[in-house]
Number of protein chains: 2
Amino acid sequence: VRVDGRPTRTIWPADDGRAVEIIDQTRLPHVFATRRLSTLADAADAIRSMQVRGAPLIGVTAAYGIWLQALEDAGDAALAAARAALLATRPTAVDLRHALDAMAEALRGVPPGERAARARARAGELADEDIAACRAIGEHGAPLLEALHAQSGRAVQVLTHCNAGWLATVDWGTALAPIYLAHDRGTPVHVWVDETRPRNQGAALTAWELLEHGVPHTVVADNAGGHLMQRGRVDLVLVGSDRTTARGDVCNKIGTLQKALAAREYRVPFHVALPASTIDWTLEDGAQIPIEERSGDELRRVSGRTPGGELATVEILPAGSAVANPAFDVTPAHLVTGLVTERGRCAASREGLLSLYPERAAQGS
Amino acid sequence: VRVDGRPTRTIWPADDGRAVEIIDQTRLPHVFATRRLSTLADAADAIRSMQVRGAPLIGVTAAYGIWLQALEDAGDAALAAARAALLATRPTAVDLRHALDAMAEALRGVPPGERAARARARAGELADEDIAACRAIGEHGAPLLEALHAQSGRAVQVLTHCNAGWLATVDWGTALAPIYLAHDRGTPVHVWVDETRPRNQGAALTAWELLEHGVPHTVVADNAGGHLMQRGRVDLVLVGSDRTTARGDVCNKIGTLQKALAAREYRVPFHVALPASTIDWTLEDGAQIPIEERSGDELRRVSGRTPGGELATVEILPAGSAVANPAFDVTPAHLVTGLVTERGRCAASREGLLSLYPERAAQGS
């Protein structure tokens, strides 16, 4: 997509071939700044601090992290340590493990002297595969919006939670890809953007993306979605997934479950857009997914722009109050109307997923 | 209740008999400051700006507003204009209308020269009635917590949304009254406090109240409640009501509906605590309650304390993004396990309410 009219990705190799560059997403929407990641430690820090976030982008950043390690020391022990360090950055998204598995596979049997070049090539392929998958999700999902518009004759009202846009991937996004495509093709779309406390990724990232791309949208508190659905003001809920189980349970940003429950109550279709990289074929029950507990400071402190234009952080809680900050929740498959993947749409069930990924049935896992 | 160990109410007549004083709730939890309301305009402004908020406290403040007007000009026209001005401050809570009706009733046939004294006396009675009602709600609600503790043998986990504590009333609170009473009597209680965006009344007011009173609590994002209930970490949801219809539909702070839907899904009892002043006997269907749409600035801007200790406000949204800010939502009676009133507990239904308020059946309204 474009930023200030210029085609932009969320991660790209630096011109000097010694680093990758990223957008520092913690400073959006107020400042568009990039950061150079030169070492494994830089990559791990960027993931941990959520300068890069979103399951697909976390995976690609980790892949480049293996390359950065290989530039320094491509020995087996160093690469194994790099893998462990990257795996430990974020526990919930499974793309991280999948990307690291793909890198290990690519480097198997490769002599140490050739590993850096091979790692860089494979990480680049993973980035390109992500872009292709997201673009395909857009193609498969846009008809959902186009059909709703054809039915009603008015702008399609889509509610989304958190950021599953191009900033969560390398380009295009997952949940936002169908919205961008439908919009670009002329279907009138209006997006209700959940603020998405405590990190405000809806308010800070999704709103910024949609604004840059010119898609009409309205930011609401996370509390408002149930009310909007009750009053018939939402035609479709469309969200991403950080990990999807083999039976279609969906683990996504905390608060997604509440939206799914409201959608079922008020008969609003609830769709989840995801590339296959987020599917964890080893898990059936979403309750087994580890839910990351993040720092309470994310809830205690809010960052933004002062009237003077500087970035500042304010504390909103009494200092003596305890805080809990689970970062994800699990929406069971029975609350999900359908999944949108790079291979097409399917029911949120084992049968549905296997209809799109039949090779997984043969593997028996 | 006590603030810094000193018994405190949210509103009280000034010593000089020419004004009332309030706690400026917009500066909590960082600054405990009071404000003197000397005129009708002061009272209306305090309600509109939410220096005082909470349905019962809005009603009592409006009653004192009539007194302040009567001190200036107690003529029929002036009092009618005062009533209209106060009614226009907030559209959703019905206590406001009930309090103004009670004042009009008290002044009917009273000679203008005696109206100010009569108004002051009646407003004081309304404040005392509110305290008595909240205390009774505590008495009727505490057994809910005590029974849950007796069953489980561990601390009762209560989730509450927004602030229905003593700050929302004159003293004691509605939803928090049973919690204070059960806690004071020795039942171990832990409260999950919803942050309650966009005004953060949970984080700023409920957490502060509970901290001052020594009740264990944990603040969570509004997004977390569904997850906590899914994982069996909530025994009871207890909230207040800004308007309750004759059939038991409950209009409360935006986001309450999402909690009610999650509570039903995960079989968590969902109780609503309210004094009769919040019951609108003229309405059956909650969908007819006007939902206040407040300024988008409440969502755009967050206020808090800087590291330097000053209060500051930061913008969190891209300037070009639209914002919607509905302040309340309606939870239909079928999602409500029970109501807790000053006369006892009942089902959220016409029959339930009439069992406690049989005089309303005779009135046929």
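At 7% relative accessibility, R243(A) is classed as buried (under 20% relative accessible area, with exposed meaning over 50% and partly exposed in between; 1.4 Å probe, protein chains only). The side chain of R243(A) forms a salt bridge with that of D280(A) at 2.7 Å, N to O (a side-chain nitrogen of Lys or Arg within 4 Å of a carboxyl oxygen of Asp or Glu). This pair joins distant parts of the chain, with R243(A) in strand 10 (residues 243–245) and D280(A) in strand 13 (residues 279–280) of chain A, 37 residues apart. D280(A) is also buried, at 0% relative accessibility. The model is predicted, and local features require pLDDT of at least 70, side-chain atom pairs pLDDT 80 or more, while totals for chains, interfaces and linings use all residues. Residues are numbered from 1 along each chain as its sequence is written, chains are lettered from A and ligands numbered from 1 in the order written, and side-chain values use heavy atoms, without hydrogens and water.

Over all chains, 56 salt bridges are found. R108(A), which is exposed at 59% relative accessible area, meets E105(A) at 2.8 Å, N to O. In chain B, the closest N and O atoms of R35(B) and D42(B) are 3.6 Å apart; R35(B) is partly exposed at 21%, whereas D42(B) is buried at 19%. A network of salt bridges links R90(A), R199(A), E292(A), R294(A) and E298(A).

An open sheet of eight strands has the order 19(A)-18(A)-12(A)-9(A)-6(A)-7(A)-8(A)-16(B), with mixed pairing. Helices (H or I, at least four residues) and strands (E, at least two) are DSSP runs numbered from the N terminus, and two strands pair if DSSP finds at least two bridges between them. Strand 6 (residues 156–160) and strand 7 (residues 189–194) of chain A are parallel, paired over five bridges; V158(A) has V191(A) in strand 7 as its bridge partner. Helix 6 (residues 176–184) of chain A packs on the sheet and touches strands 6, 7 and 9 of chain A, contact being heavy atoms within 4.5 Å.

The largest nonpolar core contains 163 residues, and L145(A), I179(A), L145(B) and I179(B) have the most contacts inside it (a core is a set of buried Ala, Val, Leu, Ile, Met, Phe, Trp, Tyr and Cys residues joined through side-chain atoms within 4.5 Å). Beyond its neighbours within four places in sequence, L145(A) contacts residues including V156(A), V158(A), I179(A) and L238(A). A separate core of 69 residues includes L159(A), Y266(B), L353(B) and Y357(B).

Key:
Axes are lines fitted to C-alpha atoms, for helices over the stretch in contact, and angles run from 0 to 180 degrees between N-to-C directions.
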